[in-house]
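Student: Hi! Could you walk me through this fold before I set anything up?
Tutor: Happy to, let's have it on screen.

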Amino acid sequence: MSRIISWFSAGAASAVATKMINADVIAYCDTGSEDKDNRRFYKDCERWFGRPITRLKNERYRDTWDLWEKRAYLSGVKGAPCTKALKVEPRLAFQQPEDIHVFGYTADGPDVKRALQLCETYPDLHFRYPLIERGLTKAACLGLLGAWGIQPPRVYAMGFPNANCIPCVKATSPNYWALIRKEFPQEFERMVSLSRKLDVKLTRIHGERCYIDEIPADWPVTEPLAPECDLLCQAAEDLLTAQ
(Lines give C-alpha, C1' and ligand atoms only; values in the text may rest on other atoms or scores of the structure.)
Protein backbone atom coordinates (compact mmCIF):
# COMPACT_ATOMS: atom_id res chain seq x y z
CA MET A 1 0.00 0.00 0.00
CA SER A 2 1.16 3.53 -0.73
CA ARG A 3 2.11 5.88 2.06
CA ILE A 4 1.61 9.64 2.07
CA ILE A 5 4.88 11.20 3.24
CA SER A 6 5.02 14.89 4.06
CA TRP A 7 8.59 16.16 3.82
CA PHE A 8 8.99 18.69 6.63
CA SER A 9 12.03 20.97 6.33
CA ALA A 10 11.68 22.98 9.58
CA GLY A 11 10.52 25.93 7.48
CA ALA A 12 7.24 27.86 7.43
CA ALA A 13 5.96 26.56 4.09
CA SER A 14 6.59 22.86 4.77
CA ALA A 15 4.93 23.24 8.18
CA VAL A 16 1.73 24.64 6.67
CA ALA A 17 1.75 22.02 3.89
CA THR A 18 2.15 19.25 6.46
CA LYS A 19 -0.71 20.60 8.56
CA MET A 20 -2.97 20.58 5.49
CA ILE A 21 -2.30 16.95 4.58
CA ASN A 22 -3.28 13.90 6.60
CA ALA A 23 0.04 12.17 5.93
CA ASP A 24 0.94 8.69 7.09
CA VAL A 25 4.50 9.83 7.82
CA ILE A 26 6.05 13.22 8.50
CA ALA A 27 9.75 13.01 7.65
CA TYR A 28 12.63 15.42 8.18
CA CYS A 29 16.14 15.18 6.72
CA ASP A 30 18.53 16.51 9.36
CA THR A 31 21.61 18.22 7.91
CA GLY A 32 23.04 19.13 11.32
CA SER A 33 23.68 22.70 10.15
CA GLU A 34 20.47 24.64 10.62
CA ASP A 35 20.10 27.51 13.08
CA LYS A 36 19.53 26.35 16.66
CA ASP A 37 16.03 27.89 16.74
CA ASN A 38 14.91 25.45 14.05
CA ARG A 39 14.98 22.76 16.72
CA ARG A 40 12.51 24.78 18.81
CA PHE A 41 10.26 25.17 15.74
CA TYR A 42 10.54 21.41 15.07
CA LYS A 43 9.24 20.66 18.57
CA ASP A 44 6.50 23.30 18.32
CA CYS A 45 5.35 21.73 15.05
CA GLU A 46 5.26 18.24 16.54
CA ARG A 47 2.82 19.59 19.12
CA TRP A 48 0.87 21.47 16.42
CA PHE A 49 0.65 18.37 14.23
CA GLY A 50 -0.21 16.22 17.22
CA ARG A 51 2.25 13.53 16.16
CA PRO A 52 6.00 12.85 15.98
CA ILE A 53 8.28 13.71 13.07
CA THR A 54 10.55 10.96 11.72
CA ARG A 55 14.14 12.21 11.66
CA LEU A 56 16.41 10.94 8.86
CA LYS A 57 20.15 11.53 8.70
CA ASN A 58 23.13 10.48 6.62
CA GLU A 59 25.32 9.10 9.38
CA ARG A 60 28.48 9.42 7.28
CA TYR A 61 28.53 13.17 7.89
CA ARG A 62 28.10 15.14 11.09
CA ASP A 63 26.93 18.26 9.27
CA THR A 64 27.54 20.29 6.10
CA TRP A 65 30.97 21.44 7.30
CA ASP A 66 32.05 17.85 7.82
CA LEU A 67 30.93 16.98 4.29
CA TRP A 68 32.57 20.04 2.64
CA GLU A 69 35.86 19.39 4.40
CA LYS A 70 35.92 15.64 3.69
CA ARG A 71 35.07 16.13 0.02
CA ALA A 72 37.07 19.35 -0.39
CA TYR A 73 34.19 20.71 -2.44
CA LEU A 74 31.67 23.48 -1.82
CA SER A 75 29.66 24.29 -4.92
CA GLY A 76 30.03 24.39 -8.68
CA VAL A 77 28.27 23.91 -12.00
CA LYS A 78 26.79 20.63 -10.74
CA GLY A 79 25.40 22.28 -7.62
CA ALA A 80 26.30 21.62 -3.99
CA PRO A 81 27.13 18.13 -2.66
CA CYS A 82 25.33 18.76 0.63
CA THR A 83 21.87 18.70 -0.97
CA LYS A 84 22.36 15.26 -2.48
CA ALA A 85 24.24 13.69 0.44
CA LEU A 86 22.27 15.13 3.35
CA LYS A 87 18.77 15.49 1.91
CA VAL A 88 18.28 13.46 -1.25
CA GLU A 89 20.13 10.29 -0.23
CA PRO A 90 18.31 9.88 3.12
CA ARG A 91 15.01 10.45 1.32
CA LEU A 92 15.76 7.89 -1.38
CA ALA A 93 16.79 5.33 1.24
CA PHE A 94 13.56 5.85 3.18
CA GLN A 95 10.98 6.07 0.41
CA GLN A 96 9.09 3.21 -1.22
CA PRO A 97 8.02 2.97 -4.89
CA GLU A 98 4.32 3.67 -4.31
CA ASP A 99 4.72 6.54 -1.83
CA ILE A 100 3.01 9.87 -2.41
CA HIS A 101 5.42 12.71 -1.62
CA VAL A 102 4.11 16.00 -0.20
CA PHE A 103 6.40 19.02 -0.52
CA GLY A 104 5.91 22.57 0.73
CA TYR A 105 6.63 24.38 -2.50
CA THR A 106 4.68 27.63 -2.59
CA ALA A 107 2.81 29.46 -5.36
CA ASP A 108 5.74 31.88 -5.72
CA GLY A 109 7.25 31.66 -9.21
CA PRO A 110 10.65 30.15 -8.29
CA ASP A 111 9.00 27.46 -6.15
CA VAL A 112 6.56 26.52 -8.92
CA LYS A 113 9.54 26.08 -11.23
CA ARG A 114 11.32 23.88 -8.66
CA ALA A 115 8.19 21.74 -8.26
CA LEU A 116 7.99 21.20 -12.02
CA GLN A 117 11.70 20.32 -12.13
CA LEU A 118 11.21 17.75 -9.36
CA CYS A 119 8.46 16.07 -11.37
CA GLU A 120 10.70 16.02 -14.44
CA THR A 121 13.69 14.65 -12.50
CA TYR A 122 11.67 11.86 -10.86
CA PRO A 123 8.90 11.02 -13.37
CA ASP A 124 8.13 7.69 -11.68
CA LEU A 125 7.32 9.26 -8.30
CA HIS A 126 4.00 10.63 -7.12
CA PHE A 127 3.96 14.22 -5.84
CA ARG A 128 1.53 16.61 -4.19
CA TYR A 129 2.02 20.33 -3.69
CA PRO A 130 -0.86 21.53 -1.47
CA LEU A 131 0.37 25.12 -1.25
CA ILE A 132 0.57 25.48 -5.04
CA GLU A 133 -2.83 23.80 -5.34
CA ARG A 134 -4.31 26.51 -3.10
CA GLY A 135 -2.27 29.41 -4.45
CA LEU A 136 -0.48 30.06 -1.15
CA THR A 137 2.76 32.06 -1.17
CA LYS A 138 5.55 32.01 1.39
CA ALA A 139 4.28 35.29 2.83
CA ALA A 140 0.83 33.73 3.20
CA CYS A 141 2.35 30.74 5.05
CA LEU A 142 4.03 33.11 7.50
CA GLY A 143 0.66 34.82 7.95
CA LEU A 144 -1.04 31.51 8.64
CA LEU A 145 1.53 30.53 11.25
CA GLY A 146 1.03 33.87 12.96
CA ALA A 147 -2.74 33.41 12.96
CA TRP A 148 -2.27 30.08 14.70
CA GLY A 149 0.21 31.42 17.24
CA ILE A 150 3.13 29.39 15.84
CA GLN A 151 6.38 31.35 15.99
CA PRO A 152 8.37 30.67 12.80
CA PRO A 153 12.13 30.08 12.92
CA ARG A 154 13.93 33.28 13.94
CA VAL A 155 15.96 33.41 10.71
CA TYR A 156 12.92 34.77 8.84
CA ALA A 157 12.87 37.87 11.06
CA MET A 158 16.59 38.32 10.40
CA GLY A 159 15.91 38.57 6.67
CA PHE A 160 16.64 35.05 5.42
CA PRO A 161 14.10 33.81 2.83
CA ASN A 162 14.27 30.21 4.07
CA ALA A 163 15.12 28.31 7.24
CA ASN A 164 17.95 26.47 5.52
CA CYS A 165 21.46 25.55 6.64
CA ILE A 166 23.67 28.35 7.92
CA PRO A 167 25.31 29.12 5.57
CA CYS A 168 23.94 27.77 2.28
CA VAL A 169 26.68 27.46 -0.35
CA LYS A 170 24.12 27.42 -3.17
CA ALA A 171 23.48 31.12 -2.49
CA THR A 172 25.36 33.49 -4.80
CA SER A 173 23.72 36.78 -3.77
CA PRO A 174 26.12 39.21 -2.04
CA ASN A 175 23.10 40.44 -0.04
CA TYR A 176 22.73 36.95 1.41
CA TRP A 177 26.40 36.68 2.33
CA ALA A 178 26.35 40.19 3.81
CA LEU A 179 23.47 39.03 6.00
CA ILE A 180 25.42 35.93 7.06
CA ARG A 181 28.32 38.23 7.97
CA LYS A 182 25.97 40.39 10.07
CA GLU A 183 23.94 37.69 11.86
CA PHE A 184 26.35 34.74 11.94
CA PRO A 185 29.88 36.21 11.97
CA GLN A 186 31.58 33.01 13.18
CA GLU A 187 30.07 30.94 10.37
CA PHE A 188 30.94 33.70 7.90
CA GLU A 189 34.60 33.74 8.92
CA ARG A 190 34.74 29.96 8.87
CA MET A 191 33.40 30.00 5.30
CA VAL A 192 35.88 32.72 4.31
CA SER A 193 38.69 30.43 5.45
CA LEU A 194 37.32 27.29 3.79
CA SER A 195 36.37 28.96 0.50
CA ARG A 196 39.81 30.58 0.25
CA LYS A 197 41.47 27.24 1.00
CA LEU A 198 39.43 25.50 -1.72
CA ASP A 199 39.64 28.52 -4.06
CA VAL A 200 35.87 28.84 -4.44
CA LYS A 201 34.29 32.21 -5.21
CA LEU A 202 30.79 31.84 -3.81
CA THR A 203 29.23 35.18 -4.77
CA ARG A 204 28.84 37.52 -7.73
CA ILE A 205 29.15 41.30 -7.76
CA HIS A 206 28.25 43.12 -10.98
CA GLY A 207 28.39 39.81 -12.83
CA GLU A 208 31.87 38.88 -11.63
CA ARG A 209 32.63 35.96 -9.33
CA CYS A 210 34.42 36.93 -6.11
CA TYR A 211 35.25 35.66 -2.62
CA ILE A 212 32.73 36.49 0.07
CA ASP A 213 35.27 38.49 2.09
CA GLU A 214 35.52 40.85 -0.90
CA ILE A 215 31.95 42.03 -0.37
CA PRO A 216 32.12 45.71 0.74
CA ALA A 217 31.41 46.32 4.42
CA ASP A 218 28.45 48.59 3.61
CA TRP A 219 26.79 46.15 1.22
CA PRO A 220 22.98 45.91 1.79
CA VAL A 221 21.46 42.78 3.27
CA THR A 222 18.25 40.96 2.39
CA GLU A 223 15.15 42.26 4.18
CA PRO A 224 12.62 40.15 6.11
CA LEU A 225 9.59 38.91 4.21
CA ALA A 226 6.43 40.47 5.62
CA PRO A 227 3.67 37.97 6.47
CA GLU A 228 0.47 38.58 4.54
CA CYS A 229 -2.98 37.12 4.28
CA ASP A 230 -5.75 37.34 1.69
CA LEU A 231 -8.88 35.40 0.76
CA LEU A 232 -6.86 32.33 -0.21
CA CYS A 233 -5.06 32.49 3.12
CA GLN A 234 -8.40 32.72 4.93
CA ALA A 235 -9.68 29.70 2.99
CA ALA A 236 -6.61 27.73 4.04
CA GLU A 237 -7.08 28.79 7.66
CA ASP A 238 -10.71 27.63 7.49
CA LEU A 239 -9.48 24.27 6.17
CA LEU A 240 -7.05 23.89 9.07
CA THR A 241 -9.78 24.82 11.56
CA ALA A 242 -12.06 22.15 10.14
CA GLN A 243 -9.48 19.39 10.62
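**Helices, sheet and cores**

Tutor: In helix 3 (residues 64–71), the buried residues are Thr 64, Trp 65, Asp 66, Leu 67 and Trp 68. Helices here are DSSP runs of H or I with at least four residues, strands are runs of E with at least two, and both are numbered from the N terminus. Buried means under 20% relative accessible area, exposed over 50%, and partly exposed in between, with a 1.4 Å probe and protein chains only.

Student: Before we go on, what sort of model is this, and how are residues numbered?
Tutor: This is a predicted model, where local features need pLDDT of at least 70, side-chain atom pairs count only at pLDDT 80 or more, and totals for chains, interfaces and linings use all residues. Residues are numbered from 1 along each chain as its sequence is written, and side-chain values use heavy atoms, with hydrogens and water left out.

Student: Thanks. What covers the buried residues of helix 3?
Tutor: The cover includes helix 4 and helix 10.

Student: And what caps the N-terminal end of helix 3?
Tutor: Asp 63 does, with a side-chain oxygen 3.2 Å from the backbone nitrogen of Trp 65. A polar contact is a pair of N or O atoms within 3.5 Å; within protein, one must be able to donate a hydrogen and the other to accept it, and residues adjacent in sequence count only if both atoms are side-chain atoms.

Student: What follows helix 3?
Tutor: Ala 72, which has a positive phi near 55 degrees. Ala 72 sits in the loop between helix 3 and helix 4, and is partly exposed at a relative accessible area of 45%.

Student: Switching to the sheet: what's the strand order?
Tutor: The order is 3-2-1-4-5, in an open sheet of five strands with parallel pairing. Strand 3 (54–56) and strand 5 (126–128) are at the edges with a single partner strand each, so one side of each has no neighbour in the sheet. From one strand to the next, the twist averages 30 degrees. Two strands pair if DSSP finds at least two bridges between them.

Student: Which residues stand opposite Ile 5?
Tutor: His 101 in strand 4, and Val 25 in strand 2. Strand 1 pairs with strand 4 (residues 100–102) over three bridges, in the parallel sense. Three bridges also join strand 2 (residues 25–29) to strand 3, where Cys 29 faces Leu 56.

Student: Which helix lies across strand 1, strand 2 and strand 3?
Tutor: Helix 4 (residues 81–94) does, running at about 145 degrees to strand 2. Axes are lines fitted to C-alpha atoms, for helices over the stretch in contact, and angles run from 0 to 180 degrees between N-to-C directions.

Student: How many residues does the largest nonpolar core have?
Tutor: It has 57, and Phe 8, Trp 68, Trp 177 and Met 191 have the most contacts inside it. Helix 1 gives the most to this core, with six residues. A second, separate core has 13 residues, including Cys 29 and Phe 127. A nonpolar core is a set of buried Ala, Val, Leu, Ile, Met, Phe, Trp, Tyr and Cys residues joined through side-chain atoms within 4.5 Å.

Student: What does Trp 177 touch?
Tutor: Not counting residues up to four places away in sequence, Trp 177 touches Pro 167, Phe 188, Met 191 and Leu 202, among others. Contact means heavy atoms within 4.5 Å. Trp 177 is one of the buried residues of helix 9 (residues 174–183).

Student: At what angle do helix 9 and helix 10 pack?
Tutor: About 125 degrees, with their axes 5 Å apart. That makes helix 9 oblique to helix 10. Angles under 35 degrees count as roughly parallel, over 145 as roughly antiparallel, 65 to 115 as roughly perpendicular and the rest as oblique.

Student: Last one: is Ala 10 buried or exposed?
Tutor: Ala 10 counts as buried, at 0% relative accessibility. Its phi is near 70 degrees, a positive value in a residue other than glycine. Ala 10 is found in the loop between strand 1 and helix 1.
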